[in-house]
There are 2 protein chains.
Amino acid sequence: MRTAFQDQLDGLTQMLSEMCGLAGVAMERATQALLQADLVTAEQVITDHDHLVDLRTQAEEAAFVLLALQAPVASDLRLVVGSIQNVADSERMGGLALHVAKIARRRHPGHAVPEEVDGYFAEMGRIAVELSNCAQEVVLSGDPQRAAQISRDDDAMDHLHKHLFTVLMDKEWHHGVASAVDITLLGRFYERFADHAVEIGRRVIFQVTGQTPEL
Amino acid sequence: MRTAFQDQLDGLTQMLSEMCGLAGVAMERATQALLQADLVTAEQVITDHDHLVDLRTQAEEAAFVLLALQAPVASDLRLVVGSIQNVADSERMGGLALHVAKIARRRHPGHAVPEEVDGYFAEMGRIAVELSNCAQEVVLSGDPQRAAQISRDDDAMDHLHKHLFTVLMDKEWHHGVASAVDITLLGRFYERFADHAVEIGRRVIFQVTGQTPEL
């Protein structure tokens with residue numbers, strides 16, 4: 001028979017999974033706003049972020065109540081503590097998508113990203129969405145193999161990010177300093193988004209196997 | 001009479017306080033390495049970071065044991081959960097100091113920061129150290145007035161950071177794109193360092209007063 005405790009724990013996991021999904025939607029839209037100089041979509045990402053912040057508060061409160069009333073131990077406790085940490089990472093992922101959207105809004109009706117590097121951001125956006133979808137899935141399934149996939153996708157993100165910098169640093173860069181500043185920040189936002197997904201994946205692996213995966 | 005629980009809770013708080021202090025030392029040295037193109041100090045910051053990572057693991061483990069064996073409730077539980085979150089912020093602060101040190105190392109024997117903007121980084125470094133010292137103090141004292149000071153110092157950091165960007169974007173900037181990229185990242189590292197200190201201050205206020213301060 002399912003206990004009230006189990007239901008509450010599932011509720012917390014569902015909330016966390018939803019947050020990962022919302023962060024992915026935010027980054028998908030922010031990338032669209034960025035590449036198409038789409039102000040309406042940028043505004044939507046900015047407005048929607050409040051919901052993710054609310055969900056974080058709710059999830060933290062749910063975890064607190066669980067700890068206070070149920071005093072879980074062992075693997076259940078690990079799951080609750082891990083959820084508190086994962087909730088912070090997923091909210092931050094949404095915050096980074098928000099930053100991307102704000103740069104798109106600031107440069108509108110211009111494009112923040114010169115056509116020359118459009119491809120990098122399209123691909124970094126695609127990987128970011130994949131990472132958050134993967135995180136959304138593994139917090140529910142607890143599948144350590146699938147969680148390990150997040151780190152591999154993050155390698156692809158790091159590779160793109162490094163390559164983007166070589167393009168910026170190239171003497172042929174003729175889009176000026178202001179554009180380079182935007183691109184630097186944007187690259188950093190995508191890279192950090194991926195890092196937070198990696199953290200979530202690593203915690204799921206630890207919760208399930210008791211082992212912290214190598215970096 | 002003091003209980004074993006109280007001793008364990010104090011031990012956790014001490015560890016967190018030490019982590020805030022170490023993050024401040026790291027940022028002080030990283031700033032010195034940056035401004036003086038001081039490779040030895042940069043290397044020291046990079047090496048020392050491992051200790052902060054170890055402390056995070058130890059603190060998380062201590063918090064976990066506390067929750068498992070003592071099942072604290074109410075304000076004690078809030079303190080333990082808040083410590084888990086603060087430990088993550090303080091480790092991240094050290095990670096940002098590490099990034100500053102890595103940029104100093106990458107540009108050595110050159111200076112990553114042109115003399116023209118040296119003053120900004122000297123001042124941002126000074127504020128960062130003040131913020132971490134303040135965080136170190138308030139996690140021990142629980143003084144909400146002093147914790148509120150962190151947000152005010154962060155306003156000064158944000159102001160400097162914004163001003164730094166106007167210097168970068170100015171048509172008179174003649175240090176090239178590569179330098180602008182470094183400065184953009186460095187500015188972001190100092191700003192984020194401050195943000196994490198603010199988070200710690202806000203949690204201390206919440207733990208003590210039960211109220212979340214306005215942003």
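Okay, a definition to start: a salt bridge here is a side-chain nitrogen of Lys or Arg within 4 Å of a carboxyl oxygen of Asp or Glu. By that rule, the interface of chain B and chain A has 0 salt bridges.

Some ground rules before we go on. What you see is a predicted model, where local features need pLDDT of at least 70 and side-chain atom pairs count only at pLDDT 80 or more, while totals for chains, interfaces and linings use all residues. Residues are numbered from 1 along each chain as its sequence is written, chains are lettered from A and ligands numbered from 1 in the order in which they are written, and side-chain values use heavy atoms, with hydrogens and water left out.

So how does chain B sit relative to chain A?

Now the interface itself. Chain B brings 31 residues to the contact and chain A brings 32 residues. Between them they bury about 2600 Å², and carbon and sulfur atoms give 71% of that; buried area is the accessible area, with a 1.4 Å probe, that two parts lose on being put together, summed over both. On the chain B side, B:Phe64, B:Val177 and B:Arg188 lose the most area to chain A, together 22% of what that side buries.

Which elements of chain B give two or more residues to this side? They are α2 (39-70), α3 (74-107), α5 (144-169) and α6 (176-209), where helices are DSSP runs of H or I, at least four residues, numbered from the N terminus. The largest share, 11 residues, comes from α6(B).

One contact to look at: the charged end of B:Arg78 sits over the ring of A:Phe64, 4.8 Å from its centre. To count, CZ of Arg or NZ of Lys has to be within 6 Å of the ring centre and within 35 degrees of the ring normal.

Last, the backbone. In chain A, a cis peptide bond joins A:His108 and A:Pro109, with omega about 5°, and A:Pro109 lies in the loop between α3 and α4 (115-141). In chain B, the bond from B:His108 to B:Pro109 is cis as well, omega near 5°.

Technical notes. Contact = heavy atoms within 4.5 Å.
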